[in-house]
Amino acid sequence: MADNSKIAVLDSSLTDRLPISSKTLFDAKASKSLTFDSIAKELGRSEVAVAALFYGQAQASAEDVKKLSNILGVPESKLAEQLLGFPDRGRAGPMPPVEPLIYRLYEIVQNYGYAYKAVLNEKFGDGIMSAIAFSTKVEKETDEKGVDWAVITLRGKWLPFSRF
């Protein structure tokens with residue numbers, strides 16, 4: 001069991017923007033006081049990938065549905081009906097974002113996007129980093145002064161532009 005104050009729950013202001021599966025999954029997660037990390041370990045996926053499933057931003061497999069049913073205590077048939085379609089990504093929030101943490105991530109891209117692009121182009125040539133052939137992780141790092149730092153790793157396949 002995790003500390004309930006550290007369990008992410010569904011913000012009710014997002015409910016209308018998200019698929020019905022989000023409410024089902026978040027309600028079950030909260031009732032069992034599970035973190036994304038604990039679910040991810042049982043599901044065999046990363047915690048960010050699991051959170052993306054909960055927000056309807058990633059596609060679930062039949063195996064994911066079966067395992068989630070066992071983990072969350074939700075009937076497999078209900079989860080299959082809600083999760084086995086194609087996700088409709090990008091609907092969770094307004095643009096630009098208004099939620100402070102999400103806005104700060106957006107701000108990082110606003111402020112450093114062209115710098116990232118220039119450095120990536122110098123290292124890889126003309127192209128883009130995939131957000132499909134992609135992985136990410138979030139880690140907590142504590143420095144020698146006891147200050148906590150968020151470490152977010154973005155890992156995307158490099159896709160060179162082709163001439164035509």
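**Briefing on the predicted chain**

The mean positions of the 21 positive and 21 negative charges of the chain lie 4 Å apart; Lys and Arg count as positive, Asp and Glu as negative, and His and the chain ends are not counted. Each charge is placed at NZ of Lys, CZ of Arg, CG of Asp or CD of Glu. This is a predicted model, in which local features need pLDDT of at least 70, side-chain atom pairs count only at pLDDT 80 or more, and totals for chains, interfaces and linings use all residues. Residues are numbered from 1 along each chain as its sequence is written, and side-chain values use heavy atoms, with hydrogens and water left out.

**Overall architecture**

- The chain holds 6 helices and 2 strands, taken as DSSP runs numbered from the N terminus (helices H or I, at least four residues; strands E, at least two).
- In sequence order the elements read α-α-α-α-α-α-β-β.
- The C-alpha trace spans about 50 × 50 × 30 Å along its principal axes.
- Of the 164 residues in the chain, 24% are buried (buried means under 20% relative accessible area, exposed over 50%, and partly exposed in between, with a 1.4 Å probe and protein chains only).
- Among contacts (heavy atoms within 4.5 Å) with a separation of 6 or more, 55% join residues 24 or more positions apart.

- Helix H4 (residues 62-72) has as its buried residues Asp 64, Val 65, Leu 68, Ser 69, Ile 71 and Leu 72.
- The cover over these buried residues includes helix H1 (20-31), helix H2 (36-43), helix H3 (47-54) and H5.
- Asp 64, a residue of helix H4, is buried at a relative accessible area of 7%.
- Beyond residues up to four places away in sequence, Asp 64 touches Leu 43, Arg 45, Leu 53 and Gln 59.
- Gly 73 follows H4 and has a positive phi, near 75°.

- Ala 60 is placed in the loop between H3 and H4 and counts as buried, at 5% relative accessibility.
- Neighbours within four places in sequence aside, Ala 60 is in contact with Leu 53, Val 65, Leu 83 and Leu 84.
- Ala 60 and Asp 143 are separated by 83 residues in sequence and by 37 Å in space, C-alpha to C-alpha.

**Val 147, in the strand region**

- The loop between strand E1 (127-142) and strand E2 (148-160) contains Val 147, which is partly exposed with a relative accessible area of 40%.
- Val 147 touches Glu 141 and Thr 142, when residues up to four places away in sequence are not counted.
- From C-alpha to C-alpha, Val 147 is 44 Å from Glu 81 in space, and the two are 66 residues apart in sequence.

**Second largest pocket**

- The second largest pocket holds about 230 Å³ of space.
- A pocket is an open set of points, on a 1 Å grid over the protein atoms alone, with protein on both sides within 12 Å along at least five of seven lines; lining residues have an atom within 4 Å of a point.
- Grid points are joined across faces, edges and corners, and the volume is the space filled by probe spheres set on the points.
- Its lining has 20 residues, of which Pro 19, Gly 56, Phe 86, Pro 87 and Asp 88 lie nearest the centre of the pocket.
- Helix H5 (residues 76-83) gives the largest share of this lining, 3 residues.

Technical notes. 1 Å grid on protein atoms, 1.4 Å probe; cavity = no way out; pocket = protein on both sides within 12 Å on 5 of 7 lines; lining within 4 Å.
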